Amino acid sequence: MRAFLCAIAVTVSALAAPAAHAQIEIDITQANIQPLPIAIPDFGGDPEFARQISDVISANLRRSGLFAPVDPAAFIERPDFDAMPNFGSWRVINAQALVTGRVTRQPDGRLRAEFRLWDVFGGQQMTGQQFFTTPENWRRVAHIISDAIYERLTGEKGYFDTRIVFVDETGPKTNRVRRLAIMDQDGANVRYLTNSPDEIIRNPRFSPSRQEITYVSQPYGQVPRVYLLNIETGQREVVGDFPGMTFAPRFSPDGQRVVLSLEQGGNANIYVMDLRSRRTTRLTNTPSIDTSPSFSPDGRQIVFESDRGGSQQLYVMNADGSNPQRISFGQGAYATPVWSPRGDLIAFTKRLGGQFAIGVMRPDGSGERILTSGFHNEGPTWAPNGRVLMFFRETPGAAGGPQIWSVDLTGYNEIRVPTPSFASDPAWSPLLN
């Protein structure tokens, strides 16, 4: 994601104080995690940005379900950023970790944001960094600091400095306008990438290596086509000149290929296109509906859904289309499989008894586990660290519509992601930093 970094440059360096050996850490491999109490007082310094940055950090960590920010009303003192905290004042309110910070304006107009993470009961600094950036990037600095705290306390990469591309839906249920939109992972900074009421937008997906999105556009009265869109320039192009409908696109892990479905004569098969040579290769050849392909992180296999066995199930094949194997054998229909960035799980939508569920299973089909279910849940997408999923949930009734939600792998931390209107088909970006 180097291009993203160039667009919104943030200079990072460690603060002078040495980081101590961690006395506290969260074991996120446990099924039921007790959130860690963490104190995040308002950052000092610039009155326009200091409190906003500490508020975003607190909200990010709270939403993860792994941290419980302590109510500021319980704070006994305001820490001095340049001095060692009085740890006794934070122990008495049971804060196990403390974040102190400061934001100052530089002579050239940039912001300097500094933070330190303290182990309250160990009485030591765990990490500290400073960032230089332009004022318009203040929310991104807050996300980067959140990722640094998350990684220091869990041992795994965070997911806060990321974006979500999704389908914004407005208007009555029978005549929805669907636009392509992008936002921060917490729902802020929404920007619309398409604005035509005369086309239906579906299935947006991020490139893992460029500022590109692939998605499906269907102008009214025409067949759907798969497109590539440059996020920064707005330039778009159709992917391939196919005779039938194309849909369900997704990038390969190296970003050099797009795998998609092509419908002809009532059947759909899976194809892959090399974006450099524009050469297309057919991967499946069955009289059935093969769709929703998703590469494994190493690019060696593809999971997809198919009704070739008489019902909608999940299959895994080699990336050249050979050796397809069915992996789902439970009751109901399985759809929209997505391989985890960690490679250890496949997320899916399951329809059973009039309910739609979001679940996960291992790539061999074992260990199936439902994370959430209800009237209509669909379209899971993974955070880049493979610990959290987003999906959309449709509410019933004439006034109902889709909303975006997140849930972690425990299934106990469901949170709605705020959007300006109804929203569906979320897709998570890789980490920007």
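Contact here means heavy atoms within 4.5 Å. By that criterion, and not counting residues up to four places away in sequence, Ser328 touches Gln313, Leu314, Tyr334 and Met361. The model is predicted: local features need pLDDT of at least 70 and side-chain atom pairs count only at pLDDT 80 or more, while totals for chains, interfaces and linings use all residues. Residues are numbered from 1 along each chain as its sequence is written, and side-chain values use heavy atoms, with hydrogens and water left out.

**Ser328**
- Ser328 counts as buried, at 0% relative accessibility (buried means under 20% relative accessible area, with a 1.4 Å probe and protein chains only).
- The side chain of Ser328 reaches the backbone nitrogen of Leu314 at 2.8 Å.

**Aromatic pairs**
- The whole structure holds 12 aromatic pairs, meaning rings of Phe, Tyr and Trp (its six-membered ring) with centres within 6.5 Å; planes under 30 degrees apart count as stacked, over 60 as edge-to-face and the rest as tilted.
- Phe87 and Trp118 form an edge-to-face pair, with 5.9 Å between centres and 65° between the planes.
- Phe87 is buried at 8% relative accessibility, and Trp118 is buried at 6%.
- The ring planes of Phe304 and Tyr315 stand at 25° with centres 5.8 Å apart, so this pair is stacked.
- Phe304 is buried at 0% relative accessibility, and Tyr315 is buried at 7%.
- One aromatic cluster is formed by Phe67, Tyr150, Tyr159, Phe160 and Trp428.

**Charges over rings**
- The charged end of Arg179 sits over the ring of Tyr192, 3.9 Å from its centre; the criterion is NZ of Lys or CZ of Arg within 6 Å of the ring centre and within 35 degrees of the ring normal.
- Arg116 lies over the face of Phe81, 4.8 Å from the ring centre.

Key: Buried < 20%, exposed > 50% of the residue type's maximum accessible area, 1.4 Å probe, protein only. Polar contact = N/O pair within 3.5 Å; in protein donor to acceptor, adjacent residues only side chain to side chain.
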